[in-house]
Amino acid sequence: MTATLIDGKAFAVTVRGKVAEHVARLVADHGITPGLAVVLVGEDPASQVYVRSKGKQTVEVGMASFEHKLPADTSEADLLALVQRLNADPAVHGILVQLPLPKHLDESLVINAIDPAKDVDGFHISNVGLLATGQKSMVPCTPLGCLMLLRDHLGSLSGKDAVVIGRSNIVGKPMAQLLLGDSCTVTIAHSRTRDLADVVRQADIVIAAVGRPEMVPGDWIKPGATVIDVGINRIERDGKTVLVGDVDFASCAAVAGAITPVPGGVGPMTIACLLANTVTACCRANGLPEPE
Ligand code: NDP
C-alpha cells in the first residue's frame, strides 16, 4: 500500500469533541440543550443499528435524544402527525426520519413535511434547492463528512477534477453540489455512464457511492488520486460476514495518493455531521452564532 489512509474514525472523534464543547457552552451560557428526534418506522435491522448508534452518540455529546419507534404498519397520517408535533416542539432542534420507510409510506411527502430548519438530514426540497443555489442550508450528512475529509487532507479543492460515481439524492447529487461549491470540475457517473473506467481515470478525486462491493479496481485510479469510498456492503468472505466498500481497497490503495477505509472512513463521519447539523440548527433557531 502506498496511499495515505484517511482516518475518518479519528476525524469523527475530533468533530464530536467540538460538538460536545459547543453543546456545553449552549447549556452553560444560554440554558439551551440541543435536541435531536429520530423517527424509526418498522424493524429494518440495519436501520435499527443506525438509530441506536445515533441515539447513543447524541447523548454522549450532551444533547437530548428523542427516539420514536413506530410499528411497520403505521399510517401515513399518523407519521405526518408525529412530524408536525416534532416541528412544533421547541425542545427538538433536529428531526431525522430514518430511511427507507416501509413501501406504503410516501418518503418525499414525509421528508417534505419536516420543518426545513429542523431537517438535519438536508433532504427537504428547500434545503436541496438552497444547496444547489449556493445558499445557507442544512447539508446532507454523508456528503458533508466526505467534504470535511477531503478539505482536511487536500486543503483547497479548487480546480480539481472530481468524479462522483452514483447519483442518488442522499449521496451522489449533494456530493456533486458540494464539490462544485468548492470549485471542482465535477463529473457525475451512474449506471448508464459509458467507459466508466476512462471517466474515473481522469479524476484527482474519486467518490464511490454505488452500493456494489469492491466495484472500482485499482487500474481505474489515476496515480496519486484521492479516493473516498462511501459504500457499505455486507458480504460473505471465508465463512464470515464482512463490511467492504465500493472500491477494491488493496488495488486502489496501491495507486491512490490517499484513500478512506471501510469500515472506519466515511461511516463514522456521517453521524458526527448529523450531530454537528443539530447544533447548527439549534443555534440558528435561537439566533446564536453557529459553530464553524
Ligand atoms: P443508491 O442505490 O440510491 O444509488 C446508487 C447509485 O449508483 C445510482 O445512482 C446508480 O446509478 C449507481 N450505480 C449502480 N450501479 C452502477 C454501475 N455499475 N456503474 C456506475 N454506477 C452505478 O445508493 P446510495 O447513494 O443510497 O448509497 C450508495 C452506497 O453508499 C451504498 O453502499 C450505501 O450503503 C452507502 N451509504 C453509506 C453511507 C455512510 O454513512 N457511509 C450513507 C449512505 C449510503 P443509476 O442512478 O443509474 O441507477
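Of the 26 residues around the ligand, the nearest are Gly166, Ser168, Ser191, Gly211 and Thr270. A residue is near a molecule or strand if its C-beta atom, placed from the backbone, lies within 6 Å of it. This is a predicted model: local features need pLDDT of at least 70, side-chain atom pairs count only at pLDDT 80 or more, and totals for chains, interfaces and linings use all residues. Residues are numbered from 1 along each chain as its sequence is written.

The shell around the ligand divides into ten nonpolar, twelve polar and four charged residues. Here Ala, Val, Leu, Ile, Met, Phe, Trp, Tyr, Cys and Pro count as nonpolar, Asp, Glu, Lys and Arg as charged, and the others, Gly among them, as polar. Helix H10 (residues 266–285) gives the largest share of this shell, three residues. Helices (H or I, at least four residues) and strands (E, at least two) are DSSP runs, numbered from the N terminus.

Now the sheet. Three strands form an open sheet in the order S3-S2-S4, with parallel pairing (two strands pair if DSSP finds at least two bridges between them). Strands S3 (64–70) and S4 (94–97) are at the edges with a single partner strand each, so one side of each has no neighbour in the sheet. Seven bridges join S2 (residues 35–41) to S3, and the two run parallel. In this pair, Leu36 stands opposite Ser65 in S3.

A UniProt annotation in an unreviewed entry, "domain: Tetrahydrofolate dehydrogenase/cyclohydrolase catalytic", covers residues 6–121. UniProt positions are given in the numbering used here, feature names are shortened, and annotations may be inferred rather than shown by experiment. Residues 6–121 are 49% helix and 16% strand, and their end C-alpha atoms lie 24 Å apart.
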